[in-house]
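Student: Could we go through this structure slowly, setting each label against the rule behind it?

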Amino acid sequence: MVFWGVTRSFRFGVPLRSASSWRAWRTVGLVGVLGSLFLVAGCHRRVIPPGVPAPPRPKPGASKESLTLSGADLEYKDPKGRTLWKVKASGGVGKVASMSAELRDVECVFFHNGQPAWTCKAASLIATQPTREVRLTGSVTGRSSDGIRSFTAPTLTWNVKSGALNAGPGVTLKMGGATLTGDRLIASSADRKGRITGHARGVIRPK
């Protein structure tokens, strides 16, 4: 998996670690508190009095820097190594520390128990909390892994933990010879079944 230009496998709940060792901070002039045992100001240093806890040292790799992504190919996994969801995109922005992403021109696959459940395409994807929720916007299309159901909607939200898919407002669902329309589609990733809510209408054309 290529994650922001780095080939590696990610697991949630496991912090990113740097292989490099800590280096001494070098200062010129007033730098301020840097999370060490000393306060550096010019060429002077002051020892923290006994009994006063030292500020916590920053974790390696805990950068909040945003990275520009091009041709992103991301895969998110649970602590057991099972794929939760993965996405291909033409580009976007990501953050290494939180593993969050804002992507454009996406094709996303949502999984259930390590198996593909839905494949969706959209103009953009937002995953500020990628272990909890994924949001697709802009001409969303989706298809169940068994190929039986397909839908279109302006937006879609997928709950990573429950596997619930919520699309709308204004959705069209095709299943066999039936075409259903309504305000929202609520579906499961476990069995790919769902329901249309709000002003639901259906047209059945026998094959």
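**Aromatic pairs and burial**

Tutor: Let us begin with Trp85, bearing in mind that the model is predicted: its relative accessibility is 0%, and because buried means under 20%, Trp85 counts as buried.

Student: What makes Tyr76 count as buried?

Tutor: The relative accessibility of Tyr76 is 1%, which is set against the cut-off of under 20%, and therefore Tyr76 counts as buried.

Student: How do you know that the aromatic pair of Tyr76 and Trp85 is stacked?

Tutor: The ring centres of Tyr76 and Trp85 are 4.4 Å apart, with 15° between the planes; since rings pair if their centres lie within 6.5 Å and count as stacked if their planes are under 30 degrees apart, the pair formed by Tyr76 and Trp85 is stacked.

Student: Why is the pair of Phe110 and Trp158 called stacked?

Tutor: The centres of the Phe110 and Trp158 rings lie 4.3 Å apart and their planes are at 15°, so the pair meets the limits of within 6.5 Å and under 30 degrees and is called stacked.

Student: Where in the chain do Phe110 and Trp158 lie?

Tutor: Phe110 belongs to strand 9 (residues 101-112) and Trp158 to strand 12 (residues 149-159), so that the pair, 48 residues apart, links distant parts of the chain.

Student: Why are Phe110 and Trp158 called buried?

Tutor: Phe110 has a relative accessible area of 0%, and Trp158 likewise has 0%; because buried means under 20%, Phe110 is buried and Trp158 is buried.

Student: How many residues does the protein have, and what share of them count as buried?

Tutor: The protein has 207 residues, of which 30% count as buried.

Terms used:
Residues numbered from 1 in each chain as written. Predicted model: local features only at pLDDT ≥ 70, side-chain atom pairs only at ≥ 80, totals over all residues. Heavy atoms only, no water. Buried < 20%, exposed > 50% of the residue type's maximum accessible area, 1.4 Å probe, protein only. Phe/Tyr/Trp six-rings, centres within 6.5 Å; stacked < 30°, edge-to-face > 60°. Helix = DSSP H or I, 4+ residues; strand = E, 2+ residues; numbered from the N terminus.
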